[in-house]
Amino acid sequence: MTTIDLNDYDVPGRSRGILDVIRWRYLLRLLVRKGTSTRYRNSALGWTWSYVKPLIQFFIYFLVMGFIFGQRDNVENFPLYMFSGFITVQFFNEAFGNATTAVVGNKALVRKIYLPRELFPIAAIINAFIHFLPQLGILLVVAIFYGWRPGFTEIGSVLAGLALIALISFGLGLLFAGLNVRFRDAENFAEVIRQLATWASPVLYTWQLIPDKMGPIFGHIYMCNPITIAVEFMHYGFWAETVPRYSETHHGGWIGFPPHFGLYALAAVVISVILVVIGQLVFRRAERTFAQDL
C-alpha cells in the first residue's frame with residue numbers, strides 16, 4: 001500500500017495567522033485598493049468628505065470647549081493643541097471601527113474562497129490611515145501657520161504616536177472582528193469605546209487635570225492608556241514646539257511630559273502588544289466557524 005506524504009499540504013481553511021499576511025500581500029494590496037475606490041463611490045463630494053466630516057466635528061468641540069468652557073484662554077495655541085489630539089483619536093476611531101466590521105463586511109469573500117482572514121482588519125487599518133492623511137495635511141498647514149519648525153525629535157514623536165495608534169487599533173480590531181462575526185453586540189460595544197476615546201485622552205483638556213481632579217492612582221491608570229500616550233506624542237510633535245514652556249510668565253504653555261513618561265509609554269506599548277496577542281488568539285479560534293456564522 002502506497003503512503004502519501006501530506007506534510008507539504010496546509011489544513012484547509014486554516015492559516016498561520018499574521019505571518020500569512022506577508023505571503024498573501026498581493027491580496028492585501030487588492031483589498032486596500034478596493035476599500036479606497038469604493039469608500040465614496042456615487043458620492044458627489046467624494047474624498048472631500050475626508051476633510052469635511054472631521055472639520056465639522058472639530059469646530060463643534062472647539063466651540064464648546066474653547067469658547068464656552070474657556071480652554072482657549074487656558075491653553076496657548078489651543079486650536080493646534082486640540083486638532084493634533086483630535087485627529088489622532090479620529091485615526092484610532094476609524095481604524096478600530098473599520099477593523100471590527102471588516103470580516104462581516106467581506107462575508108461574500110469569506111464564504112466563497114479561502115484566504116487569511118487577518119487580511120481584512122489589516123486592510124481596514126491601512127485604509128483608515130490613507131483617509132487620515134488629508135486630516136494630517138490640514139494639521140501641517142495649521143502647525144506651519146503657528147510657526148512650527150520641526151526637528152528630528154518632533155518628527156520621531158509623531159511617528160511613534162501614529163505607530164502606537166496603529167498597534168492598539170490592530171489589537172482591538174482583531175479581538176472585536178473575531179467576536180463580531182458570532183456576537184454582533186461586539187460592534188455596539190466597540191462603538192461605545194470609540195465614543196469614549198475622545199474624552200478618555202488629553203484632547204479637549206490637558207493631562208494634568210486628571211491627577212489634579214481625580215487623584216494620583218487614577219492618574220497613573222489614565223497615563224497607561226495607549227491613546228493618551230499617542231496623543232501626547234502628537235502634542236509634542238506639533239504643538240509643544242510652537243509655545244513656550246509653562247511658567248508664571250507664560251501661562252498656558254507646554255508643561256512638559258508627565259513624570260515617568262517613559263515608563264508610561266513602555267506600559268502603553270506592552271498593553272498594546274498584549275492586546276495584539278489576545279486578539280490574534282481570539283480571532284484564530286473564532287475563524288474556524290466564520291463561514292457558518294456568516
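How are H5 and H8 oriented relative to each other, roughly parallel or roughly antiparallel? To answer that, let us start with the ground rules. This is a predicted model, in which local features need pLDDT of at least 70 and side-chain atom pairs count only at pLDDT 80 or more, while totals for chains, interfaces and linings use all residues. Residues are numbered from 1 along each chain as its sequence is written, and side-chain values use heavy atoms, with hydrogens and water left out.

Now for the overall picture. The protein chain has 15 helices and 0 strands; these are DSSP runs, numbered from the N terminus, with helices being H or I of at least four residues and strands E of at least two. Of its 294 residues, 48% count as buried, where buried means under 20% relative accessible area, exposed means over 50%, and partly exposed lies in between (1.4 Å probe, protein chains only). The chain exposes about 15400 Å², and carbon and sulfur atoms supply 66% of that area, as given by the Shrake-Rupley method with a 1.4 Å probe. Contact means heavy atoms within 4.5 Å. Among contacts in the protein chain with a separation of 6 or more, 81% join residues 24 or more positions apart.

Back to the opening pair. The axes of helix H5 (residues 78–100) and helix H8 (residues 119–145) come within 8 Å and cross at roughly 165 degrees. Such axes are lines fitted to C-alpha atoms, for helices over the stretch in contact, and the angles run from 0 to 180 degrees between N-to-C directions. H5 and H8 are therefore roughly antiparallel to each other, since angles over 145 degrees count as roughly antiparallel and those under 35 as roughly parallel, with 65 to 115 as roughly perpendicular and the rest as oblique. The residues of this contact of H5 with H8 divide into 17 nonpolar, 5 polar and 1 charged. Here Ala, Val, Leu, Ile, Met, Phe, Trp, Tyr, Cys and Pro count as nonpolar, Asp, Glu, Lys and Arg as charged, and the others, Gly among them, as polar.

H5 has another partner to look at. The axes of H5 and helix H10 (residues 185–197) come within 10 Å and cross at roughly 175 degrees, so H5 and H10 are roughly antiparallel to each other. On the H5 side, the residues making the contact include Val 89, Phe 92 and Asn 93, and on the H10 side they include Glu 187, Ala 190 and Arg 194. The residues of the contact of H5 with H10 divide into 6 nonpolar, 3 polar and 2 charged.

Let us zoom in on Arg 194 of helix H10. At 26% relative accessibility, Arg 194 counts as partly exposed. Leaving aside neighbours within four places in sequence, Arg 194 is in contact with Asn 93, Phe 96 and Gly 97. The C-alpha atoms of Arg 194 and Val 89 are separated by 8.6 Å, though these residues are 105 residues apart along the chain.

Thr 88, in helix H5, is buried, with a relative accessible area of 0%. Beyond neighbours within four places in sequence, Thr 88 is in contact with Ile 165, Ala 230, Val 231 and Met 234.

Most residues other than glycine have a negative phi. Asn 77, in the loop between helix H4 (71–74) and H5, has a positive phi near 55 degrees and is buried, with a relative accessible area of 17%. His 260 has a positive phi of about 65 degrees. His 260 sits in the loop between helix H13 (226–239) and helix H14 (261–286), and at 56% relative accessibility His 260 counts as exposed.
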